[in-house]
Amino acid sequence: MGQSVSLEEEIKNEADKHKNLHLIVVEGITKLTSRKVESCVSSDFYIDGLKWNIILVPAVGDDSLSMGLMLNDSKCVGSNWHVKCKVKVTLRNELITSMLYQTCSAHFSANCKKVDLVKHCFKKIHNYTDKDIVVFSATVTNVEPNGLNVTSIPRKMGTAERIKLMEVEKNKSKFTWKITHFSSFVGEHHSSYQFTVGPRRWYANFLISMFYVLRTKLLSVGHITHSYVLGLI
């Protein structure tokens, strides 16, 4: 008998074979299908000079899970641009046995930066996995940007990540960041210290555009503070 291959080895093999692939191993998929967790978003990944994310959300109105692709790149500003591409989507269980395989076209624009690719019913997902693990992947090819200044850097291999879904109590998920000398705010953005919620580490970024909106509102009532407290939940 041949030696069995681990999930990690299978994922590495997939990433080696498909350079435009991003793969997510999601542990605790029933947190999504039971709607205890509202969504699951991948880390940023870059293909053909653009930044993308995979988004998993329970569909509205039926018992299915929707997998989408979001074009989340700072170059995509204004209204005179669009991007077309092909996306191969797969859903597999912890044994890398395919439960869904589909190729579709996607069209992104200023009015549509997220495209829903496929839906898969909760029951089929539950019946197909024994360890509450589902492997999602998207392979993005034939990217055609229009109206964007994009420099494409070819990828040498695909990328992969593992996400463990868990519930976090609200009283343990609040982060408070005090920005001192708020009226002297300069630079494009400020970043908080690193903080931890659930299994991940986070930073809060305060953009200069946010500051000008707040500063205008404060000046309109004749007062500007010297510190500002930002609370995130």
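In this predicted model, strands β3 and β4 form a hairpin with two residues between them. Within the turn, aspartate 48 adopts a positive phi of about 55 degrees.

Strand β3 covers residues 45–47 and runs antiparallel to β4, the two being joined by three bridges. Tyrosine 46 stands opposite lysine 51 of β4. Strand β2, residues 40–41, also pairs with β4 in the antiparallel sense, here over two bridges. In that pairing valine 41 has isoleucine 55 of β4 as its bridge partner. A further antiparallel neighbour is strand β5, residues 64–71, which seven bridges join to β4. Valine 57 there stands opposite serine 66 of β5. The hairpin of β4 and β5 has five residues between its strands, and glycine 61 takes a positive phi near 95 degrees.

Is strand β4 mostly covered or mostly open? Of the nine residues in β4, which spans residues 50–58, eight are buried. Lysine 51 deserves attention in this setting: with a relative accessibility of 19%, lysine 51 counts as buried because the limit for that class is under 20%. The side chain of lysine 51 meets that of aspartate 44 in a salt bridge, at 3.7 Å from N to O. Aspartate 44, by contrast, counts as partly exposed, at 41% relative accessibility.

The view may now be widened to the whole chain. It contains four helices and 16 strands. Buried residues make up 39% of its 233 residues. Among contacts with a separation of 6 or more, 66% are between residues 24 or more positions apart. The accessible surface of the chain comes to about 14100 Å², and carbon and sulfur atoms contribute 52% of it.

In soluble globular proteins, nonpolar side chains tend to be buried together. In this chain the largest nonpolar core has 41 residues. Those with the most contacts inside this core are Trp52, Met67, Leu69, Val83, Val87, Phe108 and Phe136. A second, separate core has seven residues, including Ile11, Leu21, Ile133 and Val135.

Aspartate 16 is partly exposed at 40% relative accessible area, while lysine 12 is exposed at 52%. A further salt bridge connects lysine 75 with aspartate 73, whose closest N and O atoms are 3.0 Å apart. Here lysine 75 is partly exposed, with 32% relative accessibility, and aspartate 73 is buried, with a relative accessible area of 8%. Elsewhere, Glu8, Glu27 and Arg162 are linked in a network of salt bridges.

Helix α1 also holds glutamate 14. Not counting residues up to four places away in sequence, glutamate 14 touches Leu21, Leu23 and Arg92.

Most residues other than glycine have a negative phi. Arginine 35, although not a glycine, has a positive phi of about 65 degrees. Arginine 35 lies in the loop between α2 (29–33) and β2 and is partly exposed, with a relative accessible area of 39%. Aspartate 132, likewise not a glycine, has a positive phi of about 60 degrees. Its place is the loop between α3 (122–128) and β9 (133–146). With a relative accessible area of 24%, aspartate 132 is partly exposed.

Definitions and conventions
Residues are numbered from 1 along each chain as its sequence is written. This is a predicted model: local features need pLDDT of at least 70, side-chain atom pairs count only at pLDDT 80 or more; totals for chains, interfaces and linings use all residues. Side-chain values use heavy atoms; hydrogens and water are left out. Buried means under 20% relative accessible area, exposed over 50%, partly exposed in between (1.4 Å probe, protein chains only). Contact means heavy atoms within 4.5 Å. Accessible areas come from the Shrake-Rupley method with a 1.4 Å probe; for residues, only the protein chains shown count as cover. Two strands pair if DSSP finds at least two bridges between them. A nonpolar core is a set of buried Ala, Val, Leu, Ile, Met, Phe, Trp, Tyr and Cys residues joined through side-chain atoms within 4.5 Å. A salt bridge is a side-chain nitrogen of Lys or Arg within 4 Å of a carboxyl oxygen of Asp or Glu.
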